[in-house]
Amino acid sequence: MNSEPVKARSEPQRDATSSTKSPLTNTITRLFVKVGVLPILVVIAVAIFASASENFLTARNLMNLLRQSSYLVMVSIGQMFVLLTAGFDLSVGTIIALSSVVGASTMASVYAAFPDAVHLAILAGIAAGVGVGLIVGFVNGIGVAHFQVSPFVMTLGISSIGFGIALYLTGGSPVYGMPMAFGDTFGFGNLLGLPTPILFALLMTIVAIIIVNRTRLGRYFYAVGGNINAARLSGINTHKTLILAYLLCASFAAMAGMLITARLDTGEANIGAAMPLESIAACVIAGVSLRGGIGRVEHVVLEAVFISLVQNGMNLTRVESYLQTVVIGALLIFAVIVDQIRIRLLARLGTH
């Protein structure tokens, strides 16, 4: 008979203990919910690599870090467009490889035919490289939007096909014969006082922020990712929105592929293999939801720079490249787990 009163007293007592957390604990919890895990990871990584290598914080290395991160920044922003719609693109590596091979081959052919028309050769090569990337993006969008193929299956299949085509076109050999001006300008040169890849990454970041925050298409991305059926009932052309998301992703990846080609000064069929994992990791660790409808461009940019920071630090400390992929994969899993904890804390704080 006394069990009921005892039980009634225990619940207020439990609430009292949960509400009497220290102010410091509450502050840390709210800060974690607000900013996420990225600042913590940055501080830890910088502290470790700065203590392990005296060259890590030098101006030369930091500029090199920003240049290296530019390619991942562009691909990650493109990946974010697709993730916002509750999909993802595993073919970004293929797009980079195909754009490199097709762009370099076209550029070399035009330059060989018209040696004096250097600018024409460069423009033709860039157009061909970006164009083949857009074709891949369009095929992905059609498959996902019109035929309801799973983004995983569609982009994985296209990735296999694309890498096979790139290897077939080159026979596994690099493509040479591009104008020297292409590499000097887009790979190693400066524009407006900044290395060209960094300038392109900044411009594409600004374009992405405008698309996501200032245009109707950006709002459609969030709506389709949040609830595609509700978006369709509200009058949004979901098929067109999905196709445009994959086209934007492909255009960003193709542009990165051409800049990497300029840096290497050759067209390569085996580049970009790690980009799907790294770009998805950058987005997820930055808070972009795999379920769609959540994400910010500036967070993705910072996370892409962070992943490049980790890779740069591991290179300076002579960590083998094979182990570096292990670290990136572990970071991805850790970020997903932490993000789930953050979502639960956010829901708990919202109920109080």
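Reply: Let us begin with a term. A crossing of two helices is called left-handed if the near helix is turned anticlockwise from the far one by less than a right angle, and right-handed if clockwise. Please keep in mind that the model shown here is predicted. In it, the crossing of H4 and H9 is left-handed.

Me: What else describes two packed helices?

Reply: Two packed helices are described by the angle between their axes and by the distance between the axes. Here, the axes of H4 (residues 59-84) and H9 (residues 196-214) come within 8 Å and cross at roughly 25 degrees. Angles under 35 degrees count as roughly parallel, and H4 and H9 are therefore roughly parallel to each other.

Me: Which residues of H4 and H9 meet?

Reply: On the side of H4 they include Met63, Leu66, Arg67, Tyr71 and Phe81, and on the side of H9 they include Pro197, Phe200, Met204 and Thr205. By class, the contact of H4 with H9 has 16 nonpolar, two polar and one charged residues.

Me: At what angle do the axes of H6 and H8 cross?

Reply: The axes of H6 and H8 (residues 180-187) cross at roughly 65 degrees and come within 9 Å. This crossing is right-handed. Val118, Ile122 and Ile126 of H6 make the contact with Ala181, Phe182 and Phe186 of H8. The residues of this contact of H6 with H8 are six nonpolar, no polar and no charged.

Me: Which loop holds glutamine 148, and what is the value of its phi?

Reply: Glutamine 148 lies in the loop between helix H6 (118-145) and helix H7 (151-170). Its phi is near 50 degrees, a positive value in a residue other than glycine. With a relative accessible area of 56%, glutamine 148 is exposed. Aspartate 265 also has a positive phi, near 65 degrees. Aspartate 265 is found in the loop between helix H12 (238-264) and helix H13 (275-285), and is partly exposed, with a relative accessible area of 30%.

Me: Where does UniProt place the feature "transmembrane region"?

Reply: An unreviewed UniProt entry places this feature at several spans, among them residues 70-88 and 152-171. One can then compare such a record with the model. Residues 70-88 are 79% helix and 0% strand, with end C-alpha atoms 20 Å apart. Residues 152-171 are 95% helix and 0% strand, and the end C-alpha atoms of this span lie 28 Å apart.

Me: How many helices and strands are there in the protein chain?

Reply: The protein chain has 15 helices and two strands. Its C-alpha atoms fill a box of roughly 95 × 55 × 35 Å, taken along the principal axes. Of the 352 residues, 47% count as buried. Among contacts between residues at least 6 apart in sequence, 79% join residues at least 24 apart.

Note on methods:
Residues are numbered from 1 along each chain as its sequence is written. This is a predicted model: local features need pLDDT of at least 70, side-chain atom pairs count only at pLDDT 80 or more; totals for chains, interfaces and linings use all residues. Side-chain values use heavy atoms; hydrogens and water are left out. UniProt positions are given in the numbering used here, feature names are shortened, and annotations may be inferred rather than shown by experiment. Helices (H or I, at least four residues) and strands (E, at least two) are DSSP runs, numbered from the N terminus. Axes are lines fitted to C-alpha atoms, for helices over the stretch in contact, and angles run from 0 to 180 degrees between N-to-C directions. Angles under 35 degrees count as roughly parallel, over 145 as roughly antiparallel, 65 to 115 as roughly perpendicular and the rest as oblique. Contact means heavy atoms within 4.5 Å. Ala, Val, Leu, Ile, Met, Phe, Trp, Tyr, Cys and Pro count as nonpolar, Asp, Glu, Lys and Arg as charged, and the others, Gly among them, as polar. Buried means under 20% relative accessible area, exposed over 50%, partly exposed in between (1.4 Å probe, protein chains only).
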